[in-house]
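Trainee: I am new to this structure and would like a close look at a single part. Please take the salt bridges and go through them in one answer.

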Amino acid sequence: MDLLDFARGPALTAALAVFVLGTLWRLAGVLLLPRLRDRSPAREGAPPPLLGALGTVLRKMWPRPEFAQATRFMTINSYVFHLGLAVVVFGLAPHILFIRQLLGLHWPALPSNLVYAVGVVTLASLLAVLVRRLTHPVMRLLSHVGDYLSWLMTVLPVATGLLASAHLGARYETLLALHVLSIAAFLIWFPFGKLMHAFLFVFSRGATGMRFSHRGVKV
C-alpha cells in the first residue's frame, strides 16, 4: 500500500470515525450539563426560546459599537477566512464528489479558478491570524498550545490543497496524499480543540434555546 492508498483508506476512515464519535461525545456533554430553571417570566410578545436564542447568535456576530474600531481587523479577517473555507470545502468539484460518495449529497461546483483564488485569499487570511496572535501582547499572553495547533490543523489542508492543485514541490500523488492526511489530522483534532466551536456555539445557544450551568458558570 502506497502513501496515497493509506491516506484515502485507513487514515481517512479512522479520522472520520474519531470525528463523528468525538463530536457526538462533546455534544452529549453539552446536553448533560445541569440546566438552570428560567426564573424570569416571559415578556408579552417575546419570541419562542429557540428564535430568541438564534436572534442572540445573530446579534453577537458583530461587535458592539464601542468595540468595533478596536476589533475591526479581527472581525473582518475572521469572516474572510471562515467564508473562504466554506467556499473551498463546498465549492470545489473534487470535494463535492467526496461528500457525495460519503453522504449522497451533491450540488453544482464553482469554477475551479475561482475556488483556487479564494483558497489563496483564505491562506493569506489565516497567516494574518497567526501574525496577529504572535504580535498582539494580549493575544500572545492568552494563547496556548491548543490555539496554535488548531490554527495548524486548519491551515495545512488549505496549503497542501493549493500545492497539489498547482503541482508544486513534489509529485502530484504525494501532494494529494499529504492533503488527504492533513484533512484526516483536522478531523481527528476537531472534536477535542477549539475548532469544535463550529458546533458548540450554535448547539449550546441556538439549537437548544436553553441555559446551562457548569460549576456555576452560565453558558
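Mentor: The side chains of Lys194 and Asp147 form a salt bridge, with 2.8 Å from N to O; the term stands for a side-chain nitrogen of Lys or Arg within 4 Å of a carboxyl oxygen of Asp or Glu. This is a predicted model, in which local features need pLDDT of at least 70 and side-chain atom pairs count only at pLDDT 80 or more, while totals for chains, interfaces and linings use all residues. Residues are numbered from 1 along each chain as its sequence is written, and side-chain values use heavy atoms, with hydrogens and water left out.

Lys194 lies in the loop between helix 8 (172–189) and helix 9 (197–207) and Asp147 in helix 7, so their bridge ties together parts that are 47 residues apart in sequence. Helices here are DSSP runs of H or I with at least four residues, numbered from the N terminus. Lys194 is partly exposed, at 47% relative accessible area, whereas Asp147 is buried, at 8%. Buried means under 20% relative accessible area, exposed over 50%, and partly exposed in between, with a 1.4 Å probe and protein chains only.

Asp147 also meets Arg133 in a salt bridge, at 3.9 Å from N to O. Asp147 is in helix 7 (residues 145–166) and Arg133 in helix 5 (residues 112–135), so this pair joins parts that are 14 residues apart in sequence.

Another one pairs Arg171 with Glu173, at 3.3 Å from N to O. Arg171 is exposed, at 54%, and Glu173 is partly exposed, at 36%.

Methods
Helix = DSSP H or I, 4+ residues; strand = E, 2+ residues; numbered from the N terminus.
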